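Morning, everyone. I'll take a few minutes on two interfaces. Have a look at the structure first.

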Amino acid sequence: MMKDAPLELPKKAILDNYEMCEGLYDEIFDANQNAREHYKILVEDFGKLKPEDYTKLNDYAKISFFNQGITFAVYSESLKGVERIFPFDLMPRIIAAKEWEHVEKGLIQRNLAINHFLYDIYHDKKILRDKVVPADLVFSSNFYVREMIGINPPGNIYTHICGTDIIRHNDGHYYVLEDNVRCPSGVSYVLSNRETMKKVFSNGFLHHDVRSIDDYPHQLLEMMVSMAPEGVDDPTCVVMSPGMYNSAYYEHSFLAQNMGIQLVEGRDLFVDKNFVYMKTIHGPTKIDVIYRRVDDEFIDPLCFRAGSYLGVPGLMSAYRAGNVTLINAPGTGVADDKAVYIYMPDIIRYYLNEEPILKNVRTYRCELEEDYRFVMENMHNLVVKPVDESGGYGILIGSRASQEELEEFRTLITGNRRKYIAQPIMSLSVHGTFIESESAFEQRHIDLRTFSLMSKDKQFVLKGGLSRVALTRGSLVVNSSQGGGSKDTWVLEE
Amino acid sequence: MLSRIANSLFWMGRYLERVEHTARYIKVHYYSELDAPLDSKEEFIFESIMTMIDEDMKITGDGELKEKQLLFSITLDEKNPASIISGIGYARENARGARDSISSELWGGINRFYHFINGYSEEDLHKEGIHVLCDRITEHCSIVNGYIDNTLLHNEAWSLIRLGIHVERAFQITRILYSKVKDIQSLQKQYLSKSMESYECVTMLKSAEAFDMSKIYYRGVPNIREALEFLILNRNFPKSICYNLRHIHHAVEKIATSKQHHAGSIEFKVGKLFNTYEYLTIEDIEKRDIPEFLNDTLLDLFEIAQGLEEKYLSN
């Protein structure tokens, strides 16, 4: 690969005409266009590449994803639809050791606090009685699950897996944008991206001390095993998927395969006398721990949505009896409600008696009179988000919206003030990203989805995570469902 | 092993085998019979391909157009559930449903196969000719089969895939023999053509990739009797009915919960059928009407496939 490149510097390399926009935080270069310390070697490596060299590597990466079946279907005239790969950018995002240490500490702190919070609101509700978090906000959340009141999950752990989204603002600081504590997805792409990068860009790994990420499936399984119901020594663990036609099916099968455990669907399971079994060719086999990638409202038609075929009738009852562990616990969604997010710094202080390490974005709660008026008047400078959606749906970016759209959102908010929050438009940091149509690197906004695991006495944070890229120039929406791409993320050794 | 996964693995094996068989059959019939000692060659070729692969096929054109339509329909037509492209699609869909039970290498092999056939256009087909496509398909099948045998733990999952493969192969071979024997009988009735009979015999052996090995075994080109003996009873040739029954038996034994089979159970039936064939001679078969014998074999295979579905593969 790199060895074939000519030794003298080519006339026009891919990074030569890199344009920098003022007022943005570029991850690679400082304001004087000098590569930041931890990017120096990478910039040198990439600086030698000509567009045609790069295209070759890029094509190889694409074929590799395609053949592994890491694709999604786009509907078309043909019967099956065309399969596309998720856009992937070969230039990795690098996080220096010191900086990562800070992020990791912040994530662990936040997740511990969230877990305390969940235990509390399903038990004594101290934080509500002390009026640190308004009680009506918690009880009015769509994700507050009354069936969870008084239940003690093993080890009192609710959020075994967190997918916190963080960004770097143009002030250079990291902020938490969202706490995803229901069924966060994306970790399979982190692992597959790394596999592909190692094949395509092996020199980069020889020149850097990149922290390894491939023990994630092992850590995940270890966590699941440790969460077995009391008295079960050698638990049977499974991953539960809504099925092959779910958009995250690749991830579900990837995780099951990498942990070496069964991937099941609701129809493979049944409950008998409060124990959960799967239907095997040799008859029923009891299962003990379920990493379910099915949302709360679909897991048990007897308890939640009655028409759900994805779930298992009686599952909640088996869970309440302590005969099966669900990962994550039901009812965690109340903690990633975007209005509850506002109170996260207070929640951290309340339970841990510590100052929050990662910053929270200033958030306006439209339910409060003062905030509501502010949002109505300043909507063109704000991002408006529904509190209970994910995947970047239902969001309004005020600065890019037309008069009609702003008006439409004013009506929406006034009609259901609990449902909306607003935030200043954060300037997500930018990273050099190869734009095929220009055959050159350009700045694009990025965020970082992190992945943390929590068991009784152990916290694990995957080194790095999924750096998501908004591929449209100037766009701040990085979600893959909205045309975002991704990058490998390198956390360096000290 | 989940019953649903078992079902996917079994059908993955069946579809893969069916695709391989279809490609081989088309290739052999299309090319061997181009110089067959017959007057209406085209009709005969199309007729035999259609009976074997897709009896419901509706072909409207004539002459060259008919040939193009037929070849497209059995290979690349997504709307035809019996086409090769559909078969590969089903195999991949089943593999995807059982993704966590198979190796990345096997999945990658099937996935590349799928993308290969989906990237192959009708123009490519008519430009390059049917043999290029069929050769590539056969190659992909061999690669996938290699991954099945060499990257999987030879446990239940592998046994279920093999079970699907051998059940499908036993069906296909029996059907070929049945239709060829019928063809030969009708030729004999019409105008007893000895050259045509040996011609059909060779095509039959080639359709099962058995021509070379049968020549070695019989030290010369086999006659029709030897060809039938080879394809029905040879214990060591991987395409013979007897060989496949033995492997169905092996696979079922590996999957079965208990080793004690009561009479009437599916395991019992499989064992009995296999053992009957092991100790059968071509003379025994000749004492009966051969097409009737082969038809009974088909019925036995149906009964077994159904029994397996009921016992192991349905929820």
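How many residue pairs in polar contact does the rule find across the interface of chain A and chain B? It finds 19, with both residues of each pair at pLDDT 80 or more. On the chain A side, the elements giving two or more residues are α2 (51–68), α9 (249–259), β8 (262–264) and β10 (275–280). α9(A) gives the most, with four residues. By class, that side has eleven nonpolar, ten polar and six charged residues.

Keep in mind that this is a predicted model.

Now the extent of the chain interface. Chain A puts 27 residues into the contact, and chain B puts in 33. Together they bury about 2,500 Å², with 49% from carbon and sulfur atoms. The rule also finds two salt bridges here. B:R4 forms a salt bridge with A:D268, the closest N and O atoms being 2.5 Å apart.

Next, inside chain A. The domain assignment gives domain 1 (99–185 + 214–352) and domain 2 (362–424). The contact takes 16 residues from domain 1 and twelve from domain 2. Their C-alpha centres are 28 Å apart.

The two domains bury about 1,200 Å² between them, 45% of it on carbon and sulfur atoms. In domain 1, A:L137, A:K338 and A:I342 lose the most area to domain 2. Together they make up 38% of what that side buries.

What about salt bridges between the domains? The rule finds one. A:D337 forms a salt bridge with A:R418, with the closest N and O atoms 2.9 Å apart. The domain 1 side has eight nonpolar, three polar and five charged residues.

Note on methods
Residues numbered from 1 in each chain as written. Chains lettered and ligands numbered in written order. Predicted model: local features only at pLDDT ≥ 70, side-chain atom pairs only at ≥ 80, totals over all residues. Heavy atoms only, no water. Domains from an automatic or database assignment. Contact = heavy atoms within 4.5 Å. Buried area = accessible area lost by both parts, 1.4 Å probe. Salt bridge = Lys/Arg side-chain N within 4 Å of Asp/Glu carboxyl O. Nonpolar A, V, L, I, M, F, W, Y, C, P; charged D, E, K, R; others polar. Polar contact = N/O pair within 3.5 Å; in protein donor to acceptor, adjacent residues only side chain to side chain.
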